[in-house]
Amino acid sequence: MDEIEVSLPFNLEAGVKTYRSKVWPGLTLEWREGHLLLELPAEADGISSAVYGGGMGRLKRAVNQYVSRDYECSNPVQDLENKLQEWGYPLEGCAGLMTAVPLEHAAVAEEDTGSAGIFCCVTAAAGNAARAGSVRSVLAAYRPGTINIMLGIDGWLSQSAMVNAVMTATEAKAAALADLGITDSENGLSATGTTTDAIVIAVSGSRRYAAEHVYAGTATDLGGAIGRLVYSAVTESLRSVEAAKSMSRAEAEASQAARGVDAESLRAEHGVHAEESQAAREVDAEVSHVEHGVNAEALQASHSPLPRVSQSGGRE
């Protein structure tokens, strides 16, 4: 597989919150409070499994909202609509996704194939990895997406090619999980995704490339690039999440170890203080004993009868 350059563009400590596409002029991805905003330079054809605004239609933007793992998700469509209005985005032409993956783990990869410019952004974690085709537990309600894929394609695709692109992206995601050894926790089989994945694809319809794509399978230049980008971005986002977990575990262990050392030091210090205190008490007792002995001798001397003097001048 050709080497794909993947970036984690949002370095919030350095204040980097905007990514500008190198292959689709005017396309931007922004980190904003609580969500990622994919803004297209012009209205585009879209296909998605987005919880809000999903299906086929015209798109101007896509939003990937971060929610906590304990998000109460009885009405995600209304919740997203409320958020879009709160953020000031027009509801028309917007696809809304939800993710429980912290947004700094968003991975971005791009490629210009010469027949299309392809932008890919993925937020991924594998806590609820699952294998399609196996018997397993099912969810009775919506859950926020764990592997969310946003693809922007600057070029011309037929509607069937757009569906084909969804297939290729899904196959690439499954391949990435297999190569990372991620399994379904219920049966131990290789995972093909998670229980809550989502995808959105926006296509510009631009004729600036001399190509009309009616297929997007892995044997086409378009499908090949989609597969490489999705595979690489899924892999990098998952690795970033796992690295953060490992760091968090290491910090927790170091903190626990430090508390253990502090406790041991405290016990040792207490022991030293106890020994010093005991020694001091023993010294004080010895001094007191000596002083008591001296005082007793002095007292004894003071109570001894004085020698009597005889009339002859001698002592009796």
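The following dialogue explains how to read several features of one predicted model.

Student: Which conventions apply to this structure?
Tutor: This is a predicted model, in which local features need pLDDT of at least 70 and side-chain atom pairs count only at pLDDT 80 or more, while totals for chains, interfaces and linings use all residues. Residues are numbered from 1 along each chain as its sequence is written, and side-chain values use heavy atoms, with hydrogens and water left out.

Student: How many helices and strands does the protein chain have?
Tutor: Helices (H or I, at least four residues) and strands (E, at least two) are DSSP runs, numbered from the N terminus. In the protein chain there are three helices and 12 strands.

Student: What share of the residues counts as buried?
Tutor: Buried means under 20% relative accessible area, exposed means over 50%, and partly exposed lies in between, with a 1.4 Å probe and protein chains only. Of the 316 residues of the protein chain, 41% count as buried. Strand 4, residues 35-48, is mostly covered, with 10 of its 14 residues buried.

Student: With which strands does strand 4 pair?
Tutor: Two strands pair if DSSP finds at least two bridges between them. Strand 4 pairs with strand 3 (residues 28-32) in the antiparallel sense over five bridges. It also pairs with strand 5 (residues 55-66) in the antiparallel sense, over 10 bridges, and with strand 12 in the antiparallel sense, over four bridges.

Student: Which residues stand opposite one another in these pairings?
Tutor: Threonine 28 stands opposite glutamate 39 in strand 4. Leucine 37 has valine 63 in strand 5 as its bridge partner, and serine 48 stands opposite valine 200 in strand 12.

Student: Which residues have a positive phi in the hairpins?
Tutor: The hairpin of strand 3 and strand 4 has two residues between the strands, and glycine 34 in the turn has a positive phi of about 80°. The hairpin of strand 4 and strand 5 has six residues between the strands, and there glycine 53 takes a positive phi near 70°.

Student: Which members of the largest nonpolar core touch the most other members?
Tutor: A nonpolar core is a set of buried Ala, Val, Leu, Ile, Met, Phe, Trp, Tyr and Cys residues joined through side-chain atoms within 4.5 Å. The largest one has 38 residues, of which Leu151, Ile153, Ile201, Ile226 and Val230 touch the most other members. At least two residues of this core come from each of strand 7 (107-112), strand 8 (117-123), strand 10 (148-154), helix 2, strand 12 (198-203) and helix 3 (221-303). Helix 3 supplies the largest share, nine residues. A second, separate core of 24 residues includes Leu29, Ala95, Ala106 and Val108.

Student: Which residues does leucine 151 touch?
Tutor: Contact means heavy atoms within 4.5 Å. Not counting residues up to four places away in sequence, leucine 151 touches Ile118, Phe119, Cys120, Ala169, Val200, Ile201, Ala202, Ile226 and Val230. Across the protein chain, among contacts between residues at least 6 apart in sequence, 73% join residues at least 24 apart.

Student: Where is glutamate 186, and what does it touch?
Tutor: Glutamate 186 is in the loop between helix 2 (159-179) and strand 11 (193-194). Because its relative accessible area is 42%, glutamate 186 is partly exposed. Not counting residues up to four places away in sequence, glutamate 186 touches Arg136 and Ser137. A polar contact is a pair of N or O atoms within 3.5 Å; within protein, one must be able to donate a hydrogen and the other to accept it, and residues adjacent in sequence count only if both atoms are side-chain atoms. Such a contact, of 2.9 Å, joins the side chains of glutamate 186 and serine 137. The C-alpha atoms of glutamate 186 and valine 135 are separated by 9.2 Å, although the two residues are 51 residues apart along the chain.

Student: Is serine 158 buried or exposed?
Tutor: Serine 158 counts as buried because its relative accessible area is 13%. This serine 158 lies in the loop between strand 10 and helix 2. The side chains of serine 158 and serine 160 make a polar contact of 3.0 Å. Leaving aside neighbours within four places in sequence, serine 158 is in contact with His213 and Val214.
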